[in-house]
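Please look first at the sequence and the structure shown here.

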Amino acid sequence: MANPLKEQVIKLYKTLLYLGRDYPQGAAYFRGRLKSAFMKNKDEMDPEKIQKLVARGDFVIKELEALYFLRKYRAMKKRYFDPEKKSDS
């Protein structure tokens with residue numbers, strides 16, 4: 001694997017590992033799945049295939065961030081929304 005691609009893959013792994021701390025099913029579950037996904041493709045040498053895998057990882061990052069923002073939004077809404085006071089709009 002070329003050096004720039006290796007750096008991209010390591011950065012992707014670290015970012016996903018960081019985001020996995022707040023995963024709903026637990027950090028240990030996420031870490032295991034993440035490791036198996038990376039180990040499955042560890043012998044890949046085709047730069048185009050590696051780029052596609054990194055792009056897929058970036059997509060997963062965006063999906064995780066959306067999941068976390070939605071969870072925070074729902075918690076805030078639940079905390080501050082009073083169903084007794086409905087607006088007359």
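The lining residues of the largest pocket divide into 19 nonpolar, two polar and seven charged. In this grouping, Ala, Val, Leu, Ile, Met, Phe, Trp, Tyr, Cys and Pro count as nonpolar, Asp, Glu, Lys and Arg as charged, and the others, Gly among them, as polar. The volume of the largest pocket is about 890 Å³. Of the 28 residues that line the largest pocket, Leu16, Leu34, Ala37, Phe38 and Gly57 are the closest to its centre. Two or more lining residues come from each of α1, α2 and α3, and the largest share, ten residues, comes from α3. A pocket is found on a 1 Å grid over the protein atoms alone, as an open set of points where a 1.4 Å probe fits, with protein on both sides within 12 Å along at least five of seven lines; lining residues have an atom within 4 Å of a point. Grid points are joined across faces, edges and corners, and a volume is the space filled by probe spheres set on the points.

The model is predicted: local features need pLDDT of at least 70 and side-chain atom pairs count only at pLDDT 80 or more, while totals for chains, interfaces and linings use all residues. Residues are numbered from 1 along each chain as its sequence is written, and side-chain values use heavy atoms, with hydrogens and water left out.

The chain contains three helices and zero strands, in the order α-α-α along the sequence. Helices (H or I, at least four residues) and strands (E, at least two) are DSSP runs, numbered from the N terminus. Of the 89 residues in the chain, 16% are buried; buried means under 20% relative accessible area, exposed over 50%, and partly exposed in between (1.4 Å probe, protein chains only).

Two of the helices can be set side by side; the expected span is 1.5 Å times one less than the number of residues.

| Helix | Residues | Expected span | C-alpha to C-alpha, end to end |
|---|---|---|---|
| α1 | 17 residues | 24 Å | 24 Å |

In α1, the buried residues are Leu5, Val9, Leu12, Leu16 and Leu19. Seen down the axis of α1, these residues fall within an arc of 95°, taken from the directions from the helix axis to the C-beta atoms, so they line one face of the helix. On the other side of α1, Asn3, Pro4, Glu7, Lys11, Lys14 and Tyr18 are exposed. The cover over the buried residues of α1 includes α2 and α3.

In α3, Ile50, Val54, Gly57, Ile61, Leu64 and Tyr68 are buried, and they pack against α1 (3-19) and α2 (27-40).

Leu16, in helix α1, counts as buried at 4% relative accessibility. Beyond its neighbours within four places in sequence, Leu16 is in contact (heavy atoms within 4.5 Å) with Phe30, Leu34, Phe38, Gly57, Val60, Ile61 and Leu64. Leu16 and Ile61 are 45 residues apart in sequence, with their C-alpha atoms 6.6 Å apart.

Two partly exposed residues complete the description. Leu67, in helix α3, has 36% relative accessibility, and its C-alpha lies 9.1 Å from that of Tyr23, 44 residues away in sequence. Asn41, in the loop between α2 and α3, has a relative accessible area of 29%.
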